[in-house]
Amino acid sequence: MSGRDSDILLLHVCCAPCASACVERLLAEERKIRLFFSNSNLCSEAEYSRRRESVRRLASLTRTELVEDPYDHASWHAAVSASLPGYARYPEGTERCRLCFSFSLGRAAEHARQNGMSFTTSLTVSPHKNSKLIFEVGSRWSFFEAVDFKKKDGFRRSIELSKQYGFYRQDFCGCEFSQKQRDVS
Ligand code: SF4
């Protein structure tokens, strides 16, 4: 791959708790990284801002570069609904999430492509997220690196680090449907 940033790996960041363990691991492996916070799936701008504040602190603590993708929930709805009418009724972990991953990874892929970079995602840290499905979506781009951050105790480490630094830890995935699912369970 050629381009000015070809030696940098772009890390799509879903939230600071998940990304904390990924950043620690990648820096330990001596990778050069750039964070890409992209979360148009979130239910509100307030939730986006809460998560972004912790991501900004993570970037500052680890001295990593951060790019913030502007919040655009309307485009997320349009993209998901175009492929999946009735998507609101789907529970977490189903087809709606595949389309959601596709939207967010697509935003990261576009930044990576424009800058000649490879990219990966912090989404794989969480035990609530199916890494195989994420890799399947990511395989659409030849410059996607399939890193399973659950491995090497990634999730446990993300909890430790987020407690240590006081990062905001949300108790639902992100969209209004997952929020509703949390409220009824
Ligand atoms: S539950 Fe999470 S992954 Fe699934 S559509 Fe909502 S925000 Fe996206």
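Which residues form one aromatic cluster? Here are a few friendly notes on the rings.

1. This is a predicted model, where local features need pLDDT of at least 70, side-chain atom pairs count only at pLDDT 80 or more, and totals for chains, interfaces and linings use all residues. Residues are numbered from 1 along each chain as its sequence is written, and side-chain values use heavy atoms, with hydrogens and water left out.

2. The cluster is formed by Phe119, Phe135, Trp141, Phe143 and Phe144.

3. The structure holds seven aromatic pairs (rings of Phe, Tyr and Trp, the last by its six-membered ring, with centres within 6.5 Å; planes under 30 degrees apart are stacked, over 60 edge-to-face, the rest tilted). One of them is the tilted pair of Tyr48 and Tyr71, at 5.3 Å centre to centre and 40° between the planes. Because Tyr48 lies in helix H2 (residues 45-62) and Tyr71 in the loop between strand E3 (65-68) and helix H3 (73-83), this pair ties together parts 23 residues apart in sequence. Helices (H or I, at least four residues) and strands (E, at least two) are DSSP runs, numbered from the N terminus.

4. Tyr48 is buried, with a relative accessible area of 3%, and Tyr71 is buried at 18% (buried is under 20% relative accessible area, exposed over 50%, partly exposed in between; 1.4 Å probe, protein chains only).

5. Phe119 and Phe144 make an edge-to-face pair, 5.1 Å centre to centre with 65° between the planes. Phe119 sits in strand E4 (residues 118-121) and Phe144 in the loop between helix H5 (131-138) and helix H6 (154-165), 25 residues apart. Both Phe119 and Phe144 are buried.
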